[in-house]
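Dear colleague,

Please find the structure below, handed over for your records.

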Amino acid sequence: MERIVYCRGDFRAEAQAHVSLFDRGFLFGDAVYEVTAVIGGRMIDNELHLARLQRSLSGLSIPMPMPVAEIEHIQQQLIARNNLTEGTVYLQVSRGEADRDFLYPDGLVPTLVGFTQARRLVGTKGQREGVAVDLAEDPRWTRRDIKTVMLLGQVLAKVRARKHGFADVWLVENGKVTEGASSTAYIVTADGRIVPRGDSQATLPGCTRRALLRLCAEHRLKVEERSFTPEEAQNAVEAFMTSASSLVLPVVQIGNAPVGGGTPGPLTRKLQGYYLEAAGVQTRDITADDYPV
């Protein structure tokens, strides 16, 4: 069955969906996006993603294309029309269409598009075994707290990391880790503190991060929001990263240095279980071969 997408006011087959050559998202990257996880046909942390969508649009002075409730209805329709049980639902809003000019005219109508991607989110090889991440200088603009579609820096960093045998990459600026190319980076200290960098314009305020830190508070786990160096990360007892599409993903190697024992640590395993439970996933339905929590 051909995938059904949402494009400029209508649901249609993906082959019939088109955006104007003069859309500013295409010409200037003048657009923002959100990706929400879908597990068991249900969106996870979606209220956080829609709130961040509003924040990103406000940061670029792009009006909301419609009320939040209508956007959520479009997401639900995309899931239903594509029979999506596990994967992601993607939204993108550009400033709209106008002849190419750095200065945009007033009154542009935002362009909203959306689609689903079926993929396995729970019980992946990376979640079971952990992943190795490369280190690279952060090449991005300074307003990383706005989730724009300008992702070329991340694309190049991820491609380079993959060519060198790494699953992903953590970005570094002024000697400190900012975040993963598409994730939030964490380390665990010897005294059991979970350390993510604090929110600022230097990093994206992760929705999965926010949900996970809420769970840490509920389970009385120690969290210390601060920056850390690549060397501290390499010497940490555990490391992991979070995102909507990877959930809680153990990191077992940073650069050429193994982290901890080179296997997912016990606190990371706990956090994986807490997050899945909060998402409504019954861990007893996941076999040991799939996801040993």
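In what follows, a residue is buried if its relative accessible area is under 20%, exposed if over 50%, and partly exposed in between, with a 1.4 Å probe and protein chains only. Strands (E, at least two residues) and helices (H or I, at least four) are DSSP runs numbered from the N terminus. The model is predicted: local features need pLDDT of at least 70, side-chain atom pairs count only at pLDDT 80 or more, and totals for chains, interfaces and linings use all residues. Residues are numbered from 1 along each chain as its sequence is written, and side-chain values use heavy atoms, with hydrogens and water left out.

Strand β5 (residues 86–94) is mostly covered, with seven of its nine residues buried. Two strands are said to pair if DSSP finds at least two bridges between them. Strand β3 (residues 31–39) pairs with β5 in the antiparallel sense over nine bridges; E34 stands opposite L91, and A37 has T88 as its bridge partner. Strand β6 (residues 111–118) also runs antiparallel to β5, joined to it by eight bridges, and there T111 is the partner of S94.

Strand β3 is largely enclosed by the rest of the structure, because eight of its nine residues are buried. Three bridges join β3 to the antiparallel strand β4 (residues 42–44), where R42 is the bridge partner of I39. The two strands form a hairpin with two residues between them, and G40 in the turn has a positive phi of about 65°.

A nonpolar core is a set of buried Ala, Val, Leu, Ile, Met, Phe, Trp, Tyr and Cys residues joined through side-chain atoms within 4.5 Å. The largest such core has 24 residues, of which I39, I194, L212, F240, L247, L271 and Y275 touch the most other members. At least two residues each come from β3, β10 (184–188), α6, β13 (247–254) and α8. A second, separate core of 20 residues includes L60, I71, L84 and I146.

Helices α6 (residues 207–218) and α8 (residues 266–278) pack at an angle of about 105°, with their axes 10 Å apart; axes are lines fitted to C-alpha atoms over the stretch in contact, and angles run from 0 to 180 degrees between N-to-C directions. The two helices are therefore roughly perpendicular, a term that covers 65 to 115 degrees. Their contact (heavy atoms within 4.5 Å) involves T208, A211, L212, L215 and C216 of α6 and L271, Y274, Y275 and A278 of α8.

Yours sincerely

Terms used: Parallel < 35°, antiparallel > 145°, perpendicular 65-115°, else oblique.
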